[in-house]
2 protein chains.
Amino acid sequence: MTYDVRPVGVVQSPLTDPASAPKQGVEGGPEAWLAFDAAVAFGLGDLRVGDDVLVLTWLHLADRSVLAVHPRDDPTAPLTGVFSTRSSDRPNPVGIHRVRVLEVDGNRVRVSDLEAVDGTPVIDVKPVIDGSR
Amino acid sequence: MTYDVRPVGVVQSPLTDPASAPKQGVEGGPEAWLAFDAAVAFGLGDLRVGDDVLVLTWLHLADRSVLAVHPRDDPTAPLTGVFSTRSSDRPNPVGIHRVRVLEVDGNRVRVSDLEAVDGTPVIDVKPVIDGSR
């Protein structure tokens, strides 16, 4: 049994090279635009500047066959099961990014600190519940 | 363009009725087992009792056509865009559940405070980065 993830938008970012992207947004991700499909515009209607949200992405460049990695691409780090890491290489490469809403312009939303590269599919946005990710 | 989500395990829980399940685990979700497929066992090898993790699920009972809801099923609450709510009804119904690992038994992991109902597909597990979800 599998399920279809249907992207609702896409990341528009100056980051284009996964190898040089920061590992996490808090380590220096740039501002980026999320360009949403018109079909989901009604779902965006209550996003406000200043909201802290979790952006969920589908990390489409990931290697889904990977089950263990050297964390942070450090070859001297012990090989670690992917479910104990934030590696993008994993069976279902869903990215969770905590960002702040900086601007809402129709179906486009500008956010802070997003480490996902340009062209990454956006699959969901959720409010932060209790201060983090 | 769509992507295939391939579940890596399933929730085994005393919760069977979505209507009576708590809205969030911190509101009183029970302990539950996550039964993983043998194929991903290698990825589980570094999960330890006491770890705080995010369990990602595919909320397979959700209505994916919903773009706005009355939060918390309260008909008097203003209709709100789903991307500003934690409703399970949304275009891509990925659940994010912060839980603690209580026991590891081969490919089965017992966790605290999980509000997902029995039979919910598990799609990923990630370590908590900075104290929350």
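How many salt bridges does the rule find across the interface of chain B and chain A? In this predicted model, the rule finds two salt bridges across that interface.

## Charged and polar contacts between the chains

In one salt bridge, the side chains of B:D124 and A:R90 meet with a distance of 2.9 Å from N to O. B:D124 lies in strand β9 of chain B, whereas A:R90 lies in the loop between β6 (80–81) and β7 of chain A, so the pair joins two chains. B:D124 is buried, with a relative accessible area of 0%, and A:R90 is likewise buried, with a relative accessible area of 0%.

Across the interface of chain B and chain A, the rule also finds 24 residue pairs in polar contact, both residues being at pLDDT 80 or more. On the side of chain B that touches chain A, the elements giving two or more residues are β1 (3–5), β4 (52–58), β6 (80–81), β7 (94–105) and β9 (121–127) of chain B. The largest share of that side, six residues, comes from β9(B), and the residues of the side divide into 27 nonpolar, 11 polar and 10 charged.

## Extent of the interface

The size of an interface is often given as the accessible area lost when the parts come together. Chain B and chain A bury about 4,600 Å² between them, with 59% of it on carbon and sulfur atoms. Of the area that chain B buries against chain A, 17% is supplied by B:Y3, B:F83 and B:N92, more than by any other three residues. In terms of contacts, 48 residues of chain B meet 47 residues of chain A.

Strand pairing also crosses between the chains: strand β1 (residues 3–5) of chain A and β1(B) run antiparallel and are joined by three bridges, with B:V5 in β1(B) as the bridge partner of A:Y3.

Strand β3 (residues 32–36) of chain A is mostly covered, five of its five residues being buried. In a regular strand the side chains alternate between the two faces of the sheet. Both faces of β3(A) are covered, with A:A32, A:L34 and A:F36 buried on one side and A:W33 and A:A35 buried on the other.

Strand β2 (residues 9–12) of chain A runs antiparallel to β3(A) and is joined to it by four bridges, and A:W33 in β3(A) is the bridge partner of A:Q12. Four bridges also join β3(A) to strand β8 (residues 108–111) of chain A, again antiparallel, with A:V111 in β8(A) as the bridge partner of A:A32.

In the loop between β2 and β3 of chain A lies A:S13, which is buried, with a relative accessible area of 9%. The side chain of A:S13 reaches the backbone nitrogen of A:L15 at 2.9 Å, and, leaving aside residues up to four places away in sequence, A:S13 touches A:P30, A:A32, A:A116, A:V117 and A:D118.

## Salt bridges within the chains

Over all chains, a search of the whole structure finds 16 salt bridges. One of them joins A:D52 and A:R100, whose closest N and O atoms are 2.8 Å apart. A:D52 lies in strand β4 (residues 52–58) of chain A and A:R100 in strand β7 (residues 94–105) of chain A, so the pair ties together parts that are 48 residues apart in sequence. A:D52 is partly exposed at 24% relative accessible area, and A:R100 is partly exposed at 42%.

In chain B, B:E31 forms a salt bridge with B:R110, their closest N and O atoms being 2.6 Å apart. This pair links distant parts of the chain, 79 residues apart, with B:E31 in the loop between β2 (9–12) and β3 (32–36) of chain B and B:R110 in strand β8 (residues 108–111) of chain B. In chain A, a network of salt bridges links A:E31, A:E103 and A:R110.

Technical notes. Residues are numbered from 1 along each chain as its sequence is written. Chains are lettered from A and ligands numbered from 1 in the order in which they are written. This is a predicted model: local features need pLDDT of at least 70, side-chain atom pairs count only at pLDDT 80 or more; totals for chains, interfaces and linings use all residues. Side-chain values use heavy atoms; hydrogens and water are left out. Buried means under 20% relative accessible area, exposed over 50%, partly exposed in between (1.4 Å probe, protein chains only). Two strands pair if DSSP finds at least two bridges between them. Contact means heavy atoms within 4.5 Å. Buried area is the accessible area (1.4 Å probe) that two parts lose on being put together, summed over both. A salt bridge is a side-chain nitrogen of Lys or Arg within 4 Å of a carboxyl oxygen of Asp or Glu. A polar contact is a pair of N or O atoms within 3.5 Å; within protein, one must be able to donate a hydrogen and the other to accept it, and residues adjacent in sequence count only if both atoms are side-chain atoms. Ala, Val, Leu, Ile, Met, Phe, Trp, Tyr, Cys and Pro count as nonpolar, Asp, Glu, Lys and Arg as charged, and the others, Gly among them, as polar.
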